[in-house]
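These are my notebook entries on a structure I looked up step by step.

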Amino acid sequence: MTEEIIIAGFGGQGVLSMGKILAYSGMMQNKEVSWFPSYGPEMRGGTANVTVIISDERISSPILNKFDTAIILNQQSMDKFEDSVKKGGILIYDPNGITRHPNRTDINIYTIDASDEASKLGLAKVFNMFVLGGFLKLKPLIEPEYMRKGLEKSLPLRHHGMIPENEKAIEKGKEIIKAKYLVN
Amino acid sequence: MKDIRLMKGNEAIAEGVIRAGCDGYFGYPITPQSEVLEYLMANKTKERTGMIVLQAESEIASIHMVYGGAGAGKRVMTSSSSPGISLMQEGISFMAGTELPCLLLNVVRGGPGLGTIQPSQSDYFQTVKGGGHGDYKLIVLAPASVQEMYDFAKLGFDLAFKHRIQVMVLSDGAIGQMMEKVELDEQIPRLTDAEIKVKFPWATTGKTPDRERNIITSLDLNPVKQEIININLQKKFKHIQETEVRFERIMCDDAEYLFVAYGSSARICQKAVLLGRERGIKVGLLRPITLFPFPTVELAKLAKQVKGMLSVEMSAGQMVEDVRLSVNGAVPVEHYGRLGGIMPAPDEVLNVLEENFIKEKKYEPHTN
């Protein structure tokens with residue numbers, strides 16, 4: 001099993017930390033992982049993205065241009081990464097703020113109203129965990145106990161009080177993800 | 001239980017030097033390697049091992065602090081990225097002239113000039129061919145993973161002291177910034193002053209009545225003596241060329257075509273090898289781990305086996321010159337690279353290999 005994922009959105013949406021939590025959890029579950037961020041001009045305002053690979057084997061290239069799953073959280077990232085999903089792969093996006101929806105017919109497309117749901121529940125801070133929950137519903141790569149270990153490892157100690165909220169958001173995310181277009 | 005962590009390459013080498021018993025780090029921040037200094041500062045090395053971490057006023061000050069520390073027989077280092085390493089060349093040349101051991105780290109960004117902060121490999125010539133003045137070489141280690149960033153801290157110090165030479169870890173923004181699993185070793189204690197006195201009789205640890213004064217200088221105005229100094233340096237480099245070559249062969253045994261790549265390009269090529277095998281192309285990868293000493297003999301051997309080599313490097317073609325020297329015209333060698341901070345994709349380099357060597361194309365063997 002090798003899962004190659006791109007997560008992309010605005011800086012500040014928790015794109016990099018979502019990837020980090022996923023990678024950490026994978027590592028706790030004894031998988032090979034890599035996390036490769038955009039650290040350049042993007043970090044200084046604008047878009048941010050991270051490539052996460054979770055695998056049972058030694059990871060070859062941490063730098064990729066085709067992905068099994070793309071998680072997309074803003075329009076710029078949609079424009080940039082829609083075409084980089086492998087045929088038959090998955091594209092997950094939050095429609096909030098998206099003006100041009102994906103139109104490929106050879107990939108599976110899902111929507112998740114994570115930002116709406118997060119603000120409704122007063123959990124805007126853990127918006128990214130709703131999205132991660134949605135992904136885990138489709139690709140249950142990580143067991144919940146290892147997700148918890150991943151959260152413990154990747155969040156600084158002063159934020160450990162937030163772990164239950166993170167877990168709640170992950171569970172809610174699993175409920176609210178919806179299929180928009182599926183390849184037969 | 002093993003201590004396994006998820007770390008950035010920059011953090012891994014910082015943890016590596018602490019655990020390798022480093023005595024002092026002197027550096028100045030620059031993207032994409034500032035995490036090295038940040039990590040060392042945040043880890044309170046003074047309390048952990050007694051290691052000094054100092055943010056100098058400039059790169060030039062940093063390298064000369066390393067010069068001083070190394071002269072006293074201490075395990076010292078600095079790190080920077082391309083423009084900062086350029087500033088350090090004078091100090092590195094002085095250390096070459098005085099045969100002082102140290103660890104240097106260049107997390108390369110695209111140049112020339114301030115260039116970009118994105119990953120690049122365009123400092124190969126500067127590093128491998130001698131960036132400062134004079135006939136000298138550095139041992140150059142090229143990590144291709146976060147684990148190697150960690151491992152090469154200890155290896156780098158060991159080689160530096162074994163040969164009394166400067167060791168450069170030539171990394172790049174991608175290896176520095178990405179996170180992977182790292183397995184950590186036990187802490188190696190720092191040497192005490194008494195141990196340094198015994199182990200390194202050349203160090204300036206204070207004159208004792210039983211020996212001559214140790215003087216560390218690269219200046220000798222007598223040309224006869226200066227030539228002898230240079231001849232001895234060259235003997236050392238030759239010995240290193242014969243004994244310290246390191247490389248990794250990936251699917252080379254039955255390869256008909258070969259990628260040659262180091263650092264993050266080697267990771268990209270590793271994926272390209274897998275993709276190539278799926279397409280039925282017998283392709284392998286030779287990954288130089290030491291860039292000096294270069295795996296010349298191994299490449300010459302492979303030149304008898306393969307039909308073509310593609311040197312992949314994020315530069316306009318620097319390492320490819322050493323690959324061509326190694327195979328000496330026996331087999332066509334081409335270069336592919338992206339510039340200015342762009343990284344090639346695995347299928348991109350595989351397509352180039354196919355176009356150069358496999359699809360109907362007449363090529364002229366390289367002849368100079």
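Before counting anything, I noted that helices (H or I, at least four residues) and strands (E, at least two) are DSSP runs, numbered from the N terminus. This is a predicted model, in which local features need pLDDT of at least 70 and side-chain atom pairs count only at pLDDT 80 or more, while totals for chains, interfaces and linings use all residues. Residues are numbered from 1 along each chain as its sequence is written, and chains are lettered from A and ligands numbered from 1 in the order in which they are written.

**Entry 1: chain A as a whole**

I looked up the secondary structure of chain A and found six helices and seven strands, which follow one another from the N terminus as β-α-β-β-β-α-β-β-α-α-α-α-β. I then turned to the radius of gyration, which is taken over C-alpha atoms, with a globule rule of 2.2 Å times the number of residues to the power 0.38. For 184 residues a compact globule would have a value near 16 Å, and the 15 Å of chain A agrees with that. Along its principal axes, the C-alpha trace of chain A spans about 40 × 40 × 35 Å.

For burial, I used the rule that a residue is buried if 20 or more other C-beta atoms lie within 10 Å of its own, exposed if 12 or fewer, and partly exposed in between, with C-beta atoms placed from the backbone. By this rule, 47% of the 184 residues in chain A are buried.

**Entry 2: the sheet**

Which strands make up the open sheet, and in what order? Taking two strands to pair if DSSP finds at least two bridges between them, I read the order of the nine strands as β7(A)-β6(A)-β5(A)-β4(A)-β1(A)-β3(A)-β2(A)-β8(B)-β1(B), with mixed pairing. At the edges I found β7 (178-181) of chain A and β1 (3-8) of chain B, each of which pairs on one side only.

Next I followed single pairs of strands. β1 (residues 2-10) and β3 (residues 47-55) of chain A are antiparallel and share nine bridges, and F10(A) has T47(A) in β3(A) as its bridge partner. β5 (residues 85-93) and β6 (residues 108-111) of chain A run parallel and are joined by four bridges, with Y93(A) partnered by T111(A). β6(A) is also joined to β7(A), by three bridges in the antiparallel sense, and there T111(A) stands opposite K178(A).

**Entry 3: where the chains touch**

Counting two residues as in contact if their C-beta atoms, placed from the backbone, lie within 7 Å, I found 17 residues from chain A and 19 residues from chain B in the contact between the chains. On the chain A side, α1 (15-28) and β2 (32-37) are the elements that give two or more residues, and β2(A) gives the most, with six.

**Entry 4: a helix of chain B**

Is helix α1 (residues 9-19) of chain B buried or exposed? I found 10 of its 11 residues buried, so α1(B) is largely enclosed by the rest of the structure; among the buried residues are G9(B), A12(B) and I18(B). Just after α1(B), G21(B) takes a positive phi of about 80°.
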